[in-house]
Amino acid sequence: ILFVMLSSIEDLSSATLRNLALIKGLVSLEHNCTVVCLDKYSGITTSDISKYDFLENVKIIKIERNDIREKICNDKTNRGLKSIVVNILRKMYHMFSIFDSSKKIAEGIKINILEGNNDYDMVISSSDPKTAHLAVNALISQGLTYKRWIEYWGDPLTSDITNKTIYPRFVYKRIEQSILDVADKIVYTSPFTLKEAQKMHESIKDRMVCVPTAYLNKRILPSQNGKFTIGYYGAYKSEVRNIQPLYDACKYLSEEVNLRIVGNSDLILAESSNIEVHPRGEIESFEETTDLFVCVLNKHGTQIPGKLYHYAAYNRPVLVIEDGDMLYEMDEYITSFGRYYTCKNNIDDIVYSINEIRKDNRQWMPLEELLPERVAERIIK
């Protein structure tokens, strides 16, 4: 199996965890995997992948980034000013480009990186970024052969709520159709994204399926004593999700709970006697002392945050704070797993749910349905 992702396998992102979990599942099923990915980006905190034993059985081919922005930002001469200018240019670029800067890498990929192994039983291209699918097309044009191509989509293209370009929806739809047309199977992680994609691209709807994201490892955390600790781990940009009610609810419960927030955002949340706020980084040490994991759904769109699935790996309760355009449908789907508490995204509901969870003595265990090998088997069958 050739697995193509145009991000770094060391990235601290939900998409990378999803990819690693699928790769682990494929290895568990005794498939031979070659992974094509980008070299790590020196400008951000990355993960140490040496802790993943299954990668010893995977051939990893890294593409050099040759990222102009990275080189400028790493140049200590007037670094602050240069970084500001590059960020402004980057925002302008995203206004006029359907894809991110990895598109140039995708279009310029050379088949010789495969070191002569140009024939595969299966190719899996995984987004985000969506340019992973373009990279496979470029390799095919240079002689890559395969029996089956699966496109694995995290976020859709046309209905991605983070799109910032000036182009109308029909342009996205036409480009998305051209990308999907060449795949033998298209896998989404949300049933709502699947439903929307099938409506939008009816001619290929029978090739589309939904398979929930696998978690990477079962995590049996030790028992805790002391103040009840709640963890929100992940990005919380205000345009995507609203973390404010959770913050306010925990501030109200200051005598009874601690809240720990770790992730990137455009918001500046003040710390208090019971609330810690940290930038994006490794979270395993924080998880060890977490009594309740929280996932906040998106304000708009059909996507489900990957952390909802990843948290099914723990022997801890998980509270899903529901938001967005499809409250009833989302609640019905999430509760069908029998694994999550749910509430609406307002202070009163969150306070009530936290208090109920603290009183509940249920013993939670990792959800077997989302084991890597089970998810991988569903994707490739």
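## Sheet, buried residues and voids

Strand β9 (residues 257–262) pairs with β10 in the parallel sense, over 4 bridges. Within this pairing, Ile-261 has Val-277 in β10 as its bridge partner. The model is a predicted one.

The two strands belong to an open sheet of 6 strands in the order β10-β9-β8-β11-β12-β13, with parallel pairing. Its edge strands are β10 (275–278) and β13 (341–344), each of which pairs on one side only. On average, neighbouring strands of this sheet are turned by 20° against each other, direction ignored.

Two helices are described against this sheet. Helix α11 (residues 327–335) lies across β12 (318–322) and β13, and runs at about 165° to β12. Helix α12 (residues 347–359) packs on the sheet and touches β8 (228–233), β9, β11 (292–296), β12 and β13. The direction of helix α12 makes about 160° with that of β13.

Two residues in other helices can be set side by side. Is Glu-287 buried or exposed? Glu-287 lies in helix α9 (residues 284–287). Its relative accessibility is 4%, so Glu-287 counts as buried, the cut-off being under 20%. Not counting residues up to four places away in sequence, Glu-287 touches Arg-219, Leu-221, Tyr-233, Phe-293 and Tyr-314.

His-310 has its place in helix α10 (residues 306–310). His-310 is also classed as buried, because its relative accessible area is 11% and the cut-off is under 20%. Leaving aside neighbours within four places in sequence, His-310 is in contact with Ser-14, Leu-17, Arg-18, Thr-213, Ala-214 and Tyr-215.

The structure also holds 2 cavities of 30 Å³ or more.

| Space | Volume | Lining by class |
|---|---|---|
| Largest cavity | about 40 Å³ | 4 nonpolar, 3 polar and 2 charged residues |
| Second largest cavity | about 30 Å³ | 3 nonpolar, 5 polar and 2 charged residues |
| Second largest pocket | about 460 Å³ | 8 nonpolar, 5 polar and 5 charged residues |

Which residues line the largest cavity? The lining consists of Pro-156, Ser-159, Glu-176, Tyr-188, Thr-193, Glu-196, Ala-197, Met-200 and His-201. Helix α7 (residues 191–200) supplies the largest share of the lining of this cavity, with 4 residues.

The second largest cavity is lined by Leu-297, Asn-298, His-300, Gly-301, Gln-303, Asp-323, Gly-324, Asp-325, Met-326 and Met-330. Among these lining residues, Met-330 falls within the range of helix α11 (residues 327–335).

The second largest pocket has a lining of 18 residues. Which of them lie nearest its centre? They are Arg-316, Pro-317, Asp-360, Arg-362 and Gln-363.

Methods:
Residues are numbered from 1 along each chain as its sequence is written. This is a predicted model: local features need pLDDT of at least 70, side-chain atom pairs count only at pLDDT 80 or more; totals for chains, interfaces and linings use all residues. Side-chain values use heavy atoms; hydrogens and water are left out. On a 1 Å grid over the protein atoms alone, a cavity is a set of points where a 1.4 Å probe fits but cannot get out, and a pocket is an open set with protein on both sides within 12 Å along at least five of seven lines; lining residues have an atom within 4 Å of a point. Grid points are joined across faces, edges and corners, and a volume is the space filled by probe spheres set on the points. Ala, Val, Leu, Ile, Met, Phe, Trp, Tyr, Cys and Pro count as nonpolar, Asp, Glu, Lys and Arg as charged, and the others, Gly among them, as polar. Buried means under 20% relative accessible area, exposed over 50%, partly exposed in between (1.4 Å probe, protein chains only). Contact means heavy atoms within 4.5 Å. Two strands pair if DSSP finds at least two bridges between them. Axes are lines fitted to C-alpha atoms, for helices over the stretch in contact, and angles run from 0 to 180 degrees between N-to-C directions.
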